[in-house]
Amino acid sequence: MAEIFKDLDPDTMVRSPGVTYQDLLDQDTHEVPAVLRLQSPKDLGFDDFSKERYISREYHEKEVKNLWMKVWQMACREEEIPDPGDHLRYDIAGVSFVVVRQLDGGIKAFPNACLHRGRMLKEFDGHASELRCAFHGFGWELNGCLKDVPARWDFPQIKDEEWSLPEIPTATWAGFVFINPDQDCEPFEPFIKDLSDQFERWDLGSLYVQAHVARKMPCNWKIAQEAFCEAYHVNGTHPQILRSLGDVNSQVDVWDNCARVITPGGTSSPLLEYDMNDEDILRAMMDIPVGGEVPTIPPGMNARGFLAAISREGLRADAGERVDEYCDAEIVDSIDYTQWPNFHPWGAFNKIVYRFRPNGDDHRTSIMECYQLMPFQGERPPAAPIHWLGDDEKWSSALGFLGRVFDQDVFNMPKVQWGLESTYKKGFTLSGYQESKVRWLHHKLTEWVGE
Ligand code: FES
Ligand SMILES: [Fe+2]
């Protein structure tokens with residue numbers, strides 16, 4: 001744990017007046033799991049960070065060298081390469097890797113480059129019995145061993161045992177495949193431990209990819225990522241959801257390699273200047289127009305509990321009887337985890353996973369992806385193929401309600417980039433608690449990349 005991360009006492013720390021997230025959990029109709037009772041607020045200081053992190057080419061180049069070429073990163077879902085010979089191209093910051101399902105069911109990854117004169121081996125995801133270069137025809141087995149050199153007599157210098165494709169470390173967690181471009185990297189287990197401890201109850205490996213949507217974003221990858229790392233912006237950017245979202249009641253927890261923001265649903269924002277009762281919250285959450293009939297909440301239940309009960313029944317067909325074990329909070333709240341540096345699985349029943357990365361070697365654009373994972377009964381359905389949105393296409397064209405919220409976030413992004421390019425202010429400023437996940441990301445960035 002970095003020196004700068006100092007524990008705060010959850011009972012005495014400064015945060016929004018009024019009800020806390022833990023107070024809301026006390027009203028849950030079901031037993032609340034221990035993972036939601038954890039609190040790990042941190043004092044991460046109040047200093048500004050340099051805007052160069054978003055706008056400087058030099059900083060980007062340091063990031064590529066010290067972060068992207070060194071860190072464990074999610075490359076794909078296991079189910080995207082289910083059968084031996086299935087392969088997937090994973091690109092990061094202008095460098096390409098190929099991830100290959102092996103004959104024994106394992107997974108290997110290699111730099112996506114032929115050892116002859118360097119041509120990329122696999123341009124597309126697909127299925128193959130070998131890794132064959134399209135330029136002069138050198139071939140490798142799926143496990144990276146040299147298989148074939150056309151006109152072999154002309155290469156007396158090639159020794160088979162020295163001509164295997166160089167393998168890079170791979171690991172799997174909860175159905176995700178991670179790779180590390182650094183052959184001497186730290187082991188995966190300690191890297192993922194904070195996150196995996198907390199997801200024991202929420203087995204993302206048991207879900208399938210129902211949708212996978214990607215889009216180029218007009219800003220540095222961190223601007224895109226950080227738009228999803230705090231609920232403080234809801235008031236300014238998504239005012240339409242304040243009636244049923246406890247934005248400033250969010251709980252923020254920071255560990256070493258992961259952090260989370262939990263934002264309660266089915267409760268109204270304390271920032272609203274008028275009172276909301278449970279019926280008003282239901283009307284907002286269920287999008288019931290004025291004059292429309294609002295369902296009656298059973299006595300002793302609040303809006304959160306009632307909304308959870310409805311959703312629980314909606315989930316039962318796919319998730320089965322285990323929905324009865326899920327508490328209200330696990331169904332109605334946004335439990336947004338971040339694993340350093342760019343992997344964002346939501347906890348509990350909100351089966352959303354984001355990933356952010358630079359767009360090729362360009363530090364002023366990025367790629368944002370959203371996986372939607374769903375439970376299933378019986379045989380695992382095939383993973384949905386990636387769907388790329390065009391530059392002018394909206395997230396709402398692919399992801400409905402969630403997409404409409406994303407579109408509001410995206411609207412800000414190029415303006416944040418422009419503003420940071422234009423400002424005379426050297427740094428950017430973060431709040432102490434509500435934006436502490438963003439601050440944690442920047443402390444991690446300092447640790448890996450530098451100031
Ligand atoms: S570059 Fe691959 S076979 Fe020549
Ligand atoms: Fe947002």
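Mentor: Of the 104 residues in the largest nonpolar core, the ones that touch the most other members are Ala75, Tyr90, Val99, Val177, Phe178, Ile179 and Ala224. Keep in mind that this is a predicted model.

Trainee: Which helix gives the most to this core?

Mentor: That is helix α9 (residues 303-319), with 5 residues.

Trainee: Why is this core said to lie between domain 1 and domain 2?

Mentor: Both domain 1 (6-62 + 205-448) and domain 2 (73-179) give residues to the core, so it lies between them. As a general background, nonpolar side chains tend to be buried together in soluble globular proteins.

Trainee: What does Val177 touch, leaving out residues up to four places away in sequence?

Mentor: Val177 touches Ala75, Cys76, Arg77, Glu78, Val99, Ile107, Thr170 and Thr172. Two of these names, Ala75 and Val99, also stand among the core members that touch the most others.

Trainee: How far apart are the centres of domain 1 and domain 2?

Mentor: Taken over C-alpha atoms, the centres are separated by 35 Å. The contact itself takes 12 residues from domain 1 and 10 residues from domain 2. On the side of domain 1 that touches domain 2, the elements giving two or more residues are β14 and β19. Of these, β19 gives the most, with 3 residues.

Trainee: What is that side of domain 1 made of, by class?

Mentor: By class, it has 5 nonpolar, 3 polar and 4 charged residues.

Trainee: Let us turn to the strands. What makes β5 and β6 a pair?

Mentor: Two strands pair if there are at least two bridges between them. Strand β5 (residues 86-92) and strand β6 (residues 95-101) have 6 bridges, in the antiparallel sense, so they meet the cut-off of at least two. One example is Tyr90, whose bridge partner in β6 is Phe97. The two strands form a hairpin with 2 residues between them, and Ala93 in the turn has a positive phi of about 50°.

Trainee: How do you know that β5 and β8 pair as well?

Mentor: They are joined in the antiparallel sense over 2 bridges, and at least two is what the definition asks for, so they count as a pair.

Trainee: What is the strand order of the open sheet of 4 strands, and why are β7 and β8 called edges?

Mentor: The order is β7-β6-β5-β8, with antiparallel pairing. β7 (107-111) and β8 (126-127) each have a single partner strand, so one side of each is left without a neighbour in the sheet.

Trainee: What are the partners of β20?

Mentor: Strand β14 (residues 208-217) and strand β20 (residues 362-374) run antiparallel and are joined by 9 bridges, with Tyr208 opposite Met374. Strand β19 (residues 352-359) also pairs with β20 in the antiparallel sense, over 8 bridges, and there Arg357 stands opposite Ile367. The hairpin of β19 and β20 has 2 residues between the strands, and Gly360 in this hairpin takes a positive phi near 55°.

Trainee: Why is Leu204 called partly exposed?

Mentor: A residue is buried with 20 or more other C-beta atoms within 10 Å and exposed with 12 or fewer. Leu204 has 18 C-beta neighbours inside 10 Å, so it counts as partly exposed. Leu204 sits in the loop between α5 (188-198) and β14, and its contacts beyond four places in sequence are Ala174, Gly175, Phe199, Pro345 and Leu373.

Trainee: What makes Ala151 and Asp287 exposed?

Mentor: Ala151 counts as exposed because it has 8 C-beta neighbours inside 10 Å. Asp287 has 9 other C-beta atoms within 10 Å, so it is exposed. Ala151 lies in the loop between β11 (146-148) and β12 (170-173), and Asp287 in the loop between α8 (278-285) and α9. Neither is a glycine, yet phi is positive: about 55° for Ala151 and near 60° for Asp287.

Trainee: How do you know that the span of helix α12 agrees with its number of residues?

Mentor: At 1.5 Å a residue, the 13 residues of α12 (residues 436-448) should span 18 Å, and the end C-alpha atoms are 18 Å apart, so the two agree. The buried residues of α12 include Trp440, Leu441 and Leu445, and the helix is followed by Gly450, with a positive phi near 115°.

Technical notes:
Residues numbered from 1 in each chain as written. Chains lettered and ligands numbered in written order. Predicted model: local features only at pLDDT ≥ 70, side-chain atom pairs only at ≥ 80, totals over all residues. Expected span 1.5 Å × (residues − 1). Domains from an automatic or database assignment. Contact = placed C-beta atoms within 7 Å. Nonpolar A, V, L, I, M, F, W, Y, C, P; charged D, E, K, R; others polar. Core = buried A, V, L, I, M, F, W, Y, C linked by C-beta atoms within 7 Å.
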